Amino acid sequence: MVKELEDLKPETQRILKEIKAVPYGQVSSYRDIALRAGLINGARQVARVLHGLSERYRLPWWRIIRSDGTIGLHGEGRLEQIRLLKLEGVEVSDKGKVRPKEKYFKGV
């Protein structure tokens, strides 16, 4: 198990930095996080980082959504993400669609 931030791959460190940079009340997509981290096709890598490191590095995982403005999680995780986004003032439907996209997205 990775113990220190410095032990992580440089790409993973950049992904962590970009996720942490998404401001309160805004969202970003897996794709945009990857692009800002210098990874052209890294959306899945962003998802893996979120899945494996969110708790350890206290990542605002709920602010990361699909590039089409929808939530990618299912079940209880989806409901929790919707709840947390609404607490931050993000308009999100009960079906998991963030709107209006322009207002909330922290793009590339």
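Visitor: What makes the pair D32 and R31 a salt bridge?

Guide: The closest N and O atoms of D32 and R31 are 3.8 Å apart. A salt bridge is defined as a side-chain nitrogen of Lys or Arg within 4 Å of a carboxyl oxygen of Asp or Glu, so the pair qualifies. The model is predicted: local features need pLDDT of at least 70, side-chain atom pairs count only at pLDDT 80 or more, and totals for chains, interfaces and linings use all residues. Residues are numbered from 1 along each chain as its sequence is written, and side-chain values use heavy atoms, with hydrogens and water left out.

Visitor: Why is D32 called buried, and why is R31 called partly exposed?

Guide: The cut-offs are relative accessible areas: buried is under 20%, exposed is over 50%, and partly exposed is in between (1.4 Å probe, protein chains only). D32 has 8% and is therefore buried. R31 has 44%, so R31 is partly exposed.

Visitor: How many salt bridges does the count give?

Guide: The count comes to five. Among them are R83 with E80, whose closest N and O atoms are 2.9 Å apart, and D94 with K86, also listed at 2.9 Å, N to O.

Visitor: How do you know that R83 and E80 are separated by about one helical turn?

Guide: R83 and E80 are three residues apart in helix α4, which means a separation of about one helical turn. R83 has a relative accessible area of 42% and is partly exposed. E80, at 30%, is partly exposed too.

Visitor: Which class of exposure do D94 and K86 fall into?

Guide: D94 is at 62% relative accessibility, so D94 counts as exposed. K86 is at 40% and therefore counts as partly exposed.

Visitor: How many helices and strands does the chain have?

Guide: There are five helices and two strands, where helices (H or I, at least four residues) and strands (E, at least two) are DSSP runs, numbered from the N terminus. Read from the N terminus on, the elements run α-β-α-α-β-α-α.

Visitor: Why are α1 and α3 called roughly perpendicular?

Guide: The axes of helix α1 (residues 10-20) and helix α3 (residues 43-53) come within 10 Å and cross at roughly 80°. Axes are lines fitted to C-alpha atoms, for helices over the stretch in contact, and angles run from 0 to 180 degrees between N-to-C directions. Angles under 35 degrees count as roughly parallel, over 145 as roughly antiparallel, 65 to 115 as roughly perpendicular and the rest as oblique. The crossing angle falls in the range for roughly perpendicular, so the label applies to α1 and α3.

Visitor: Which residues in α1 and α3 meet?

Guide: E11, T12, I15, L16 and I19 in α1 meet Q45, V46, V49, L50 and L53 in α3, where contact means heavy atoms within 4.5 Å. By class, the contact has seven nonpolar, two polar and one charged residues. Here Ala, Val, Leu, Ile, Met, Phe, Trp, Tyr, Cys and Pro count as nonpolar, Asp, Glu, Lys and Arg as charged, and the others, Gly among them, as polar.

Visitor: How many aromatic pairs does a search of the whole structure find?

Guide: The search finds one aromatic pair. The rings of W61 and W62 have their centres 5.8 Å apart and their planes at 85°. Rings of Phe, Tyr and Trp (its six-membered ring) pair if their centres lie within 6.5 Å; planes under 30 degrees apart count as stacked, over 60 as edge-to-face and the rest as tilted. W61, at 25% relative accessible area, is partly exposed, whereas W62, at 18%, is buried.

Visitor: Where is D68, and where is G69?

Guide: D68 is in the loop between β2 (64-65) and α4 (75-87), and G69 is likewise found in the loop between β2 and α4. D68 has 43% relative accessibility and so counts as partly exposed. G69 has 1% and so counts as buried. C-alpha to C-alpha, D68 is 8.3 Å from S29, which is 39 residues away in sequence.
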